[in-house]
Each structure stands twice: as structure tokens, then as C-alpha cells.
Amino acid sequence: MEIRALDAELVILGGLNDGIWPKTPQPDPWLNRSMRKKAALLLPERQIGLSAHDYQQAIAAPRVILSRAVRNAEAETVPSRWLNRLMNLMDGLPQRNGSLALVEMRARGAKWLALARALEQPTVEQTADPRLQPANRPAPQPPIAARPAKLSLTNIERLIRDPYAIYARYILRLHPLDPLHQVPDARDRGIIVHEVLERFVKTRPENENRAEARARLLTLAREVLAEESPFPSARALWLAKLDRAADHFLTQDAKHGGTALAIETKGALKLDGLDFTLFGTPDRIDRLPDGTLQLIDYKTGAAPTAAQQKTYAKQLLLAAVMADRGGFADLGASRVAKITYIGLGSGEDVVETEITEALLTEHWDKLLALIARYFRRSTGYTARRALFEIRHPGDYDHLSRFGEWEMSDRAVAEMVGTEVVEPATPEGNE
């Protein structure tokens, strides 16, 4: 309304795409169009009419620039219906020189686009400056002595998917800062859910029936949420999610009749012939009725599929290797019968894998080969090597200057007096 009272010699109408101008009407969660009309309330079309009125007044200025984005981050955009109508009208009036006028309008607009592109073109001096060249996909090769001598089970997947993150965190010792404005996130929820389930298993009374177990689980959830989360809305939301997942968890908890031996117990295993130690803390280790072990990991999101476990998500498989080779001091060398990922998200997700000696040997040999490779100076820590999702944001993307290089670029690693080109092997989306 204020803009209408002002005069301007030049008016720029930007965002002339459908969905922006006119804006897509917001859905009414309470009343449909017919109910709104019967109640004498304003209809959604009124807002489109007001936008059309604004457009009609603005385009009548002495000089106007019509502008829109041809595409957004996801796909090509659709021109505003008024822009389409204007172009169709002018194209349909050749006898009134409408087509010629449209060509001249586009030509005048092309001059502004050319100026905008020229502003982004570097000068000859800038092009020759090596400091201003786009970065290559990095794969730094630090000295062997600086490389980590131990990694956790979860960081083995990170080493496979995004080695550069291991380099930045454990060699450069750069740790992400917490945001200034703290908000509840998936990490907080995961910590709280694991604490609830840990207390549930550790305080289990004898001869507890299903109804009593469910009530005790939700009581513990309320207690932990009150202690650990300062966000009332998050507490209510996460308690509701735990309530929905409670029956699924209790079913899996009693499925094989195991007895919990270790809850959040840390283990460690030194690799043969390498100055490297694998350590980790499985969520839970159960002794099954036949004396074998079952390793359990809780996931607040989706559990990794069998294919993902084979190549990337090796957390429980390597924990089984640790248990088999005596990596958990309190248990000694023990045979593992199965590993289980229990998803506690929206669906009843569970992925179980039967463990055999051949499977343990296979993943032990692969781990040795992986770590031995990174104990060679010629192996670089490639950035974003095989992320699950290409758009997945990384804590160190700005450091690797991601955006100056593409996921398909080869990784270039520099050493003293030599240069090594290492294939990036980006598997991309699985």
C-alpha cells in the first residue's frame, strides 16, 4: 500500500514465477473453499487478485524491468501467469508489431544480463593469480606419524565415506563449534533415547510383564527428558515418538530371550602388524540361551541395510570382530551369533545379520587392508569420497572448498617434490 503512493521512473519486478508472484495460496487446515464461502470468509483467490492488481499498477511505470529466475535449486521454474499472458499477447499481434516489440524487449534485457555476467568474469590479472584459481578436490597426505593411531567403530564408516573429515578432525584437530542459538537436534534426541534404553535394561526387575515394562519405559523416558532436555516442545515430541516406538522396542527386546551382559561397554582391539587400535562401545551385548552373543545397536533414524553394512556401515560387524577376538576384556573371546540394528523411527525397522566365521574373517581382512592403505604416505584423505547423499552437508566442506570442485572431479594430492593423482571413486547416492 505504501509503494502505491510513490512514483518511480524505474520499477524492477523480480521473482515473476508462479508460486512467488502470485504466491501459492496457503492451504486452510480447518475450512475448505466451500465452507469459507458459506461462512462469508475471504477465498484464497482474493490474494491472487490483489497480487494481480499490484502487478498491473507496477507495470504501468514509465520504465519497467521484468525479471525472473529460470531455475531454482531443484528444477526449472514456471513463468508467472501474467508474464506468460503478456508474451503470448504480444506474439499474437504481428500486425501491430507485437512480435518485434517483444524481441526488442528481450534484447534490452540481454544487455543487463551481459553486464551481470561480465561482473563475474575475472580479469586477466586475476586469472593469472594462482591464489584465485578454483580449488581441486583435495586429498591431503600428512606424514605417517601425524595420522591417527586409533579410531572408533563409527569413524571407520566416516573414513570410508569422507576421509577428509578424519583428516580435519583428528590430524588438524579442528572441531565444529556449537551454534550460538542452541536448538534440539537429532544428536540430542539420540543421546536421550540411548540413555532411556540403557536405564531400562539396567533396572529391569524379575518377572516383569509386557504392560509393566512399557509403563516403566515411558516413566524412565519422562525422567530422562526432564533431566536432559531444556526444550518443552522437544520433550513432548520425543516422548510421543518413544511412545509409538515402545511396542516395537519391547518386541525386539524379548525376541531372542537374551540376557544383557554389557550396556555401553567400551572395547578395544589392536590390529595385527599395525600401530593402530580399533575401539568402540556397542549399545548392548546380550548372551543368548545357547551361550553365543548378540550385538545390538539402536538407531533413532533408519537402520542400515544389508548392502550398506557390507560396504560402509560396518559398526556392528567390526564390533563382532572385536568380540570374537577378545576386544571386550570383561567378556573374553566369545562367539557372536548375530548383530541387530533396531530402528526407533517412524516405522518398525529392524535389520538382523547372522554372523559366521567367514563373514568375520572377510571384514577383518578388509579392515586391515583399509588401515594399511592409510599408513602409506601416497594415500590421501579424499574429500567427500562416497557420501550416502551428495547433498549431505559436511562439517568441513568450507575447509575443503567444496563448490569449487564437483563430485565427479578427481582428487589431487600434493607431496614434497611430487604430485599424486588419486581416483576419487565417488559412489554417490546408493
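Predicted model: local features only at pLDDT ≥ 70, side-chain atom pairs only at ≥ 80, totals over all residues.
1. Strands S8 and S9 form a hairpin with 5 residues between them, and glycine 291 in that turn has a positive phi of about 95°. Helices (H or I, at least four residues) and strands (E, at least two) are DSSP runs, numbered from the N terminus. S8 covers residues 284-287, and S9 covers residues 293-299. The two strands run antiparallel and are joined by 4 bridges.

2. Residues are numbered from 1 along each chain as its sequence is written, and side-chain values use heavy atoms, with hydrogens and water left out.

3. Two strands pair if DSSP finds at least two bridges between them. Strands of a sheet pair through backbone hydrogen bonds, either parallel or antiparallel.

4. The remaining pairs can be read along the sheet. S5 pairs with S8 in the antiparallel sense over 4 bridges, and alanine 260 stands opposite aspartate 286 in S8. S9 and S10 (residues 336-343) run parallel and are joined by 7 bridges; here lysine 299 has glycine 343 in S10 as its bridge partner. S10 and S11 run antiparallel, with 6 bridges. A hairpin of 5 residues joins S10 to S11, and tyrosine 341 is bridged to valine 351 in S11.

5. Next, the helices. Two packed helices are described by the angle between their axes and the distance between the axes. H9 (residues 210-228) and H10 (residues 232-253) pack at an angle of about 150°, with axes 10 Å apart. H9 is therefore roughly antiparallel to H10. Axes are lines fitted to C-alpha atoms, for helices over the stretch in contact, and angles run from 0 to 180 degrees between N-to-C directions. Angles under 35 degrees count as roughly parallel, over 145 as roughly antiparallel, 65 to 115 as roughly perpendicular and the rest as oblique.

6. H9 passes H10 in a right-handed crossing. A crossing is right-handed if the near helix is turned clockwise from the far one by less than a right angle, and left-handed if anticlockwise. The residues of H9 that meet H10 include Leu217, Leu218 and Leu225, and those on the H10 side include Trp238, Leu242 and Phe249. Contact means heavy atoms within 4.5 Å. By class, this contact of H9 with H10 has 12 nonpolar, 1 polar and 6 charged residues. Ala, Val, Leu, Ile, Met, Phe, Trp, Tyr, Cys and Pro count as nonpolar, Asp, Glu, Lys and Arg as charged, and the others, Gly among them, as polar.

7. H10 also meets H8. The axes of H8 and H10 come within 12 Å and cross at roughly 45°, which means that H8 is oblique to H10. The crossing of H8 and H10 is right-handed. Among the residues in contact are Ile192, Val193 and Phe200 in H8, with Trp238, Leu242 and Leu250 among those in H10. The contact of H8 with H10 divides into 8 nonpolar, no polar and 4 charged residues.

8. Is glutamate 198 buried or exposed? Glutamate 198, in helix H8 (residues 186-202), counts as buried because its relative accessibility is 17%. Buried means under 20% relative accessible area, exposed over 50%, and partly exposed in between (1.4 Å probe, protein chains only). Not counting residues up to four places away in sequence, glutamate 198 touches Ile263 and Glu264.

9. Helix H7 (residues 163-171) is mostly covered, with 7 of its 9 residues buried. The buried residues include Tyr164, Ile166 and Tyr167. What covers the buried residues of H7 includes strands S3 (137-138) and S4 (150-152), helix H6 (153-161), H13 and H14. After H7 comes arginine 173, with a positive phi near 60°.

10. Tyrosine 381 lies in the loop between H13 (357-374) and H14 (397-400). Tyrosine 381 is buried, with a relative accessible area of 2%. From C-alpha to C-alpha, tyrosine 381 and tyrosine 167 are 6.3 Å apart in space, although 214 residues apart in sequence.
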